[in-house]
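Please keep the sequence and the model in view while reading.

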Amino acid sequence: MSALPLPVALADVLARGDVWRGDTLASLPEAAISSGHTELDAELPGGGWPCGCLTELLVDRSSIGEMSLLLPALGRLSSEGGWLALVAPPWVPHAPAWIAAGVALERLVIVRAGQDVAWSIEQLLACGGFSGVLAWPGEGVSAKALRRLQVAAEGRPTLACLWRPAQVADAPSPAPLRLALTADDSRLSVRVLKRRGRPPSRTVHLPFFASIPRPGRENRVVAGPALSLVADRGLAATPVA
């Protein structure tokens, strides 16, 4: 007769990061990076942006200061020597803003993916060479493609974020973390739509970063937007200069 499995203490089960009580948040501190915003970290499982899974950021329009959410974490990843990739961004990064956030531009890559956005994201996640992958897949990304991206991100030490339109908020998604963003003149409001753990109870309001000088304008905030509209140069993939 085969031996019966040894009983496992409930405390040992709950100590696992992928198991949590229904009235608490999942805790994966070794796989999370602080957002740089204390109030937001308190609402995120693990106390920060999760690595090894998809995060969806839903906005009703671009250029509302949404990058202020991610630039602190991206700056930290970059300062640790990590490579960052932007796939199909609607704007080109404004270099002074990203430098001010601590991002090393020589390790920032922009991918102009054309019709192959989902495939490009999947390859970047699967290669394991990037600490952060941010992508704008557009409205047409399929549920099957999203599942493939979640599988590609699963368990890897990569911050993987998808920017998607607010109108997909009610559509099912395999992403374990989904946030809805809105903004006014002085702050960015963040509402958690989905997370591993108890349902969210409040909207987090965050001030924009301090402004920095920008040629031709009096001031421009670091991340509102930290992306500049320019003509398409037709490059497939290029480091930001």
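## Contacts and overall make-up

Among contacts (heavy atoms within 4.5 Å) in the chain between residues at least 6 apart in sequence, 65% join residues at least 24 apart. The chain holds 6 helices and 15 strands, where helices (H or I, at least four residues) and strands (E, at least two) are DSSP runs numbered from the N terminus. Of its 241 residues, 48% are buried; here buried means under 20% relative accessible area, exposed over 50%, and partly exposed in between, with a 1.4 Å probe and protein chains only. The chain exposes about 12100 Å², of which carbon and sulfur atoms supply 55%, the areas coming from the Shrake-Rupley method with a 1.4 Å probe and, for residues, with only the protein chains shown counting as cover.

## Basis and confidence of the model

This is a predicted model, in which local features need pLDDT of at least 70 and side-chain atom pairs count only at pLDDT 80 or more, whereas totals for chains, interfaces and linings use all residues. Residues are numbered from 1 along each chain as its sequence is written, and side-chain values use heavy atoms, with hydrogens and water left out.

The mean pLDDT (the predictor's confidence in each residue, from 0 to 100) is 79 for the chain, and 73% of its residues reach 70 or more. Over residues 13–17 the pLDDT is below 50, and this stretch has 7 contacts in the model beyond near neighbours in sequence. Residues 229–241 likewise stay under 50 in pLDDT, and the model has 22 contacts for them beyond four places in sequence.

## Nonpolar cores

In soluble globular proteins, nonpolar side chains tend to be buried together. A nonpolar core is taken here as a set of buried Ala, Val, Leu, Ile, Met, Phe, Trp, Tyr and Cys residues joined through side-chain atoms within 4.5 Å. The largest such core has 39 residues, of which W49, L69, L74, W98 and L181 touch the most other members. Helix α3 (residues 71–79) gives the largest share of this core, 4 residues. Leaving aside neighbours within four places in sequence, L74 is in contact with M67, L84, W98, V103, L134 and L159. Apart from this core lies another, of 22 residues, which includes L54, A113, A145 and A175.

L77 lies in helix α3 and counts as buried, at 10% relative accessibility. Not counting residues up to four places away in sequence, L77 touches I33, G82, L84, S131, G132 and L159. L77 and A104 are 27 residues apart in sequence, and their C-alpha atoms are 9.7 Å apart in space.

## Helix α5 and its surroundings

Which residues of helix α5 (residues 117–127) are buried? They are V117, S120, I121, E122, L124 and L125. The buried residues of α5 pack against the strands β4 (84–87), β6 (108–111), β7 (132–135) and β8 (159–165), and also against helix α6 (143–153). The residue that follows α5 is G128, whose phi is positive, near 75°.

Side chains of opposite charge can pair when their charged atoms come close. The structure holds 8 salt bridges, each defined by a side-chain nitrogen of Lys or Arg within 4 Å of a carboxyl oxygen of Asp or Glu. In one of them the side chains of R195 and E43 meet at 2.9 Å, N to O. R195 lies in the loop between β10 and β11 and E43 in the loop between α2 (38–41) and β2 (49–50), so this pair ties together parts that are 152 residues apart in sequence. R195 counts as buried at 9% relative accessibility, and E43 counts as buried at 6%. The side chain of R195 also reaches the backbone oxygen of E43 at 2.8 Å.

The side chains of R202 and E43 form a further salt bridge, at 3.2 Å, N to O. R202 lies in the loop between β10 and β11, so its pairing with E43, in the loop between α2 and β2, ties together parts that are 159 residues apart in sequence. R202 is partly exposed, with a relative accessible area of 35%. The side chains of R107 and E106 meet in another salt bridge, at 4.0 Å, N to O, and here E106 is exposed, with a relative accessible area of 54%. Salt bridges that share partners join E39, E43, R195 and R202 into one network.

How values were computed: Polar contact = N/O pair within 3.5 Å; in protein donor to acceptor, adjacent residues only side chain to side chain.
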